[in-house]
Amino acid sequence: MTVQKFTSPLDWDDLRVFLELARAGSLSAAARGLRLSHATVGRRLAALETTLGRSLMERRPDGYVLTAEGESVRALAEAMDERAQAIRRREGDAAGLTGTVRLTMTQALADVFLIPRLGPLRSANPALDLEIVVDNRTLSLARREADLAIRLARPQRGDLVGRRLATLGYGLYAAPDAPDTLIAYDESMADLPEALWLDRHGGGRRVAFRSNSVQGQLAAAVAGFGIAFLPCMLADGVPGLERLALPGPPLTREAWLLVHRDRREVPRVRAVIEHLVAVFTAEKERLAGRTDHQQEPPGAA
């Protein structure tokens, strides 16, 4: 039996970079997650392949793909990473969690609702860094464009794990002296459920203001352009706006937290998941459009 000898000691940093590249599928995503340059990621991969004397990845136009040898090494590296994470957890709560978690969601959810409620997470984990990308596109979790995503639709396919966070309620809002005209989405957003609802129940009113930004529609409502159909969590309590009775059945949408299967148990990602679930659970009445003095939206069945 022939025993292969390594030409140089195995470097854990090389394995760590290889594992991130295997998870991310692209140099840019791996470099961003590790806070390294593209060149350093490529150099670490080459060094590992030289040490092991085998090719671990193939570079293709759409990213990096593991070879059969690479799949075997990845399985071993994953096991090593799990043990390393377990060791870090045993270092004690005082040390806290480190690293970056990248989260994507709509701008309204980020600016109005979530970011103001991240203080306790920061206090408990001062070495944990967050990146929040406000974007309506579904950034690829598989390619590590983001670690977590909050989307207003349940995932239909892919290797993603979804958890329903809350039900979002919508209502009609207008300034007291506003004309009987509508504020609506532009044509690029015409297929959204809220845009379709307003088109169906708007009573043929003239649309006096259009925007692809829900916060822009809110500002237009405050400015007196007409009636806007808005998320209750965004518009409830805004000075100068009144909530109107609905002319049709209420609309609700579900907020889902999405994570790739191989990232959900990463300690820093798990900490953010747990905080998000707690925040959305605590605020479920507000998100649904119900308050202490108003248990059901006006016009609700």
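Predicted model: local features only at pLDDT ≥ 70, side-chain atom pairs only at ≥ 80, totals over all residues.
# Chat about salt bridges, helices and loops

Tutor: Let's start with a network of salt bridges that links D11, D14 and R44. A salt bridge here is a side-chain nitrogen of Lys or Arg within 4 Å of a carboxyl oxygen of Asp or Glu. Residues are numbered from 1 along each chain as its sequence is written, and side-chain values use heavy atoms, with hydrogens and water left out.

Student: OK, how far apart are the closest N and O atoms of R44 and D14?

Tutor: They are 2.8 Å apart in that salt bridge.

Student: And which helices do R44 and D14 lie in?

Tutor: R44 lies in helix α3 and D14 in helix α1 (residues 12-24), so the pair ties together parts that are 30 residues apart in sequence. Helices are DSSP runs of H or I with at least four residues, strands are runs of E with at least two, and both are numbered from the N terminus.

Student: Is D14 buried or exposed?

Tutor: D14 is buried, with a relative accessible area of 5%. Buried means under 20% relative accessible area, exposed means over 50%, and partly exposed is in between, using a 1.4 Å probe and protein chains only.

Student: How many salt bridges does the structure hold?

Tutor: It holds 13. One of them joins the side chains of R243 and D236, at 3.4 Å from N to O. R243 counts as buried at 19% relative accessibility, while D236 is partly exposed at 24%. Another pairs R290 with E285 at 3.0 Å, N to O. There, R290 is partly exposed with a relative accessible area of 26%, and E285 is partly exposed too, with 31%.

Student: Switching to helices. What angle do the axes of α5 and α10 cross at?

Tutor: Roughly 75°, and the axes of α5 (residues 107-114) and α10 (residues 267-282) come within 13 Å. The axes are lines fitted to C-alpha atoms, for helices over the stretch in contact, with angles from 0 to 180 degrees between N-to-C directions. The two helices are therefore roughly perpendicular to each other, a label for angles of 65 to 115 degrees.

Student: Which residues make the contact?

Tutor: L109, F113 and L114 come from α5, and L276, V279 and F280 from α10. Contact means heavy atoms within 4.5 Å. Those residues divide into six nonpolar, no polar and no charged. Nonpolar covers Ala, Val, Leu, Ile, Met, Phe, Trp, Tyr, Cys and Pro; Asp, Glu, Lys and Arg are charged, and the others, Gly among them, are polar.

Student: Now loops. Where does R154 lie?

Tutor: R154 is in the loop between β5 (148-151) and β6 (160-174), and is exposed, with a relative accessible area of 55%. R154 and A255 are 101 residues apart in sequence and 8.0 Å apart in space, C-alpha to C-alpha.

Student: What about R35, what's its phi?

Tutor: R35 has a positive phi of about 60° although it is not a glycine. You'll find R35 in the loop between α2 (27-34) and α3 (38-52), and at 56% relative accessibility R35 counts as exposed.

Student: Last one: how many helices and strands does the chain have?

Tutor: The chain has 11 helices and 11 strands. Of its 301 residues, 45% count as buried.

Terms used:
Parallel < 35°, antiparallel > 145°, perpendicular 65-115°, else oblique.
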